[in-house]
Amino acid sequence: MELTLSIAIGVLTGSGVWLLLRPRTYQVIIGLALLSYAVNLFIFSMGRLRVGSAAILEGSAAVNPADYADPVPQALVLTAIVIGFATTALFLVVLLASRGLTGSDHVDGREPK
């Protein structure tokens, strides 16, 4: 499971960086989205991969924290997803405005000759 997750994070990161280096603004936006997904997976994996574990402690008796999932990375990833969605929407609006003003979706605003 850890190997699969590591490969997925690596593929998302590599694809995101490759798209960030492209000359079109839409490709840059998709690259940023892929990088944010990779970071979200990385943060989520830092909370230990536990399947079927409760995130909330029950009762006031002494418990072993290793038996429970850490809720902090889950909350951070949920917040990052919402913020990432909002910034992607903002980037798309700026992309449409820039394309309307310049007539091109090139990062520099003009096509190379």
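Modeller: Arg 24 is partly exposed, its relative accessible area being 26% (buried means under 20% relative accessible area, exposed over 50%, and partly exposed in between, with a 1.4 Å probe and protein chains only). The model is a predicted one, in which local features need pLDDT of at least 70 and side-chain atom pairs count only at pLDDT 80 or more, while totals for chains, interfaces and linings use all residues. Residues are numbered from 1 along each chain as its sequence is written, and side-chain values use heavy atoms, with hydrogens and water left out.

Arg 24 forms a salt bridge with Asp 105, the closest N and O atoms lying 3.0 Å apart (the criterion is a side-chain nitrogen of Lys or Arg within 4 Å of a carboxyl oxygen of Asp or Glu). This pair links distant parts of the chain, 81 residues apart: Arg 24 belongs to the loop between H1 and H2, and Asp 105 to the segment after H3. Helices (H or I, at least four residues) and strands (E, at least two) are DSSP runs, numbered from the N terminus. Asp 105 also forms a salt bridge with Arg 99, where the closest N and O atoms are 3.9 Å apart. Arg 99 is partly exposed, at a relative accessible area of 43%. Through shared partners, the salt bridges join Arg 24, Arg 99 and Asp 105 into one network. The count of salt bridges by this rule is two.

The C-alpha atoms of Asp 105 and Gln 27 are separated by 9.8 Å, although the two residues are 78 positions apart along the chain. Gln 27 is placed in helix H2 and counts as partly exposed at 25% relative accessibility. Leaving aside residues up to four places away in sequence, Gln 27 touches Leu 19 and Arg 22 (contact means heavy atoms within 4.5 Å). In the loop between H1 and H2 lies Leu 21, which is exposed, with a relative accessibility of 69%.

Helix H2 (residues 25-46) packs against helix H3 (residues 71-102) at an angle of about 175°, the axes being 10 Å apart. H2 is therefore roughly antiparallel to H3. Axes are lines fitted to C-alpha atoms, for helices over the stretch in contact, and angles run from 0 to 180 degrees between N-to-C directions; under 35 degrees counts as roughly parallel, over 145 as roughly antiparallel, 65 to 115 as roughly perpendicular and the rest as oblique. Asn 40 is buried, with 10% relative accessible area, and touches Val 77, Ala 80 and Ile 81 when residues up to four places away in sequence are not counted.

For the chain as a whole, the secondary structure consists of three helices and zero strands, in the order α-α-α along the sequence. Of its 113 residues, 19% count as buried. Among contacts with a separation of 6 or more, 51% come from residues 24 or more positions apart.
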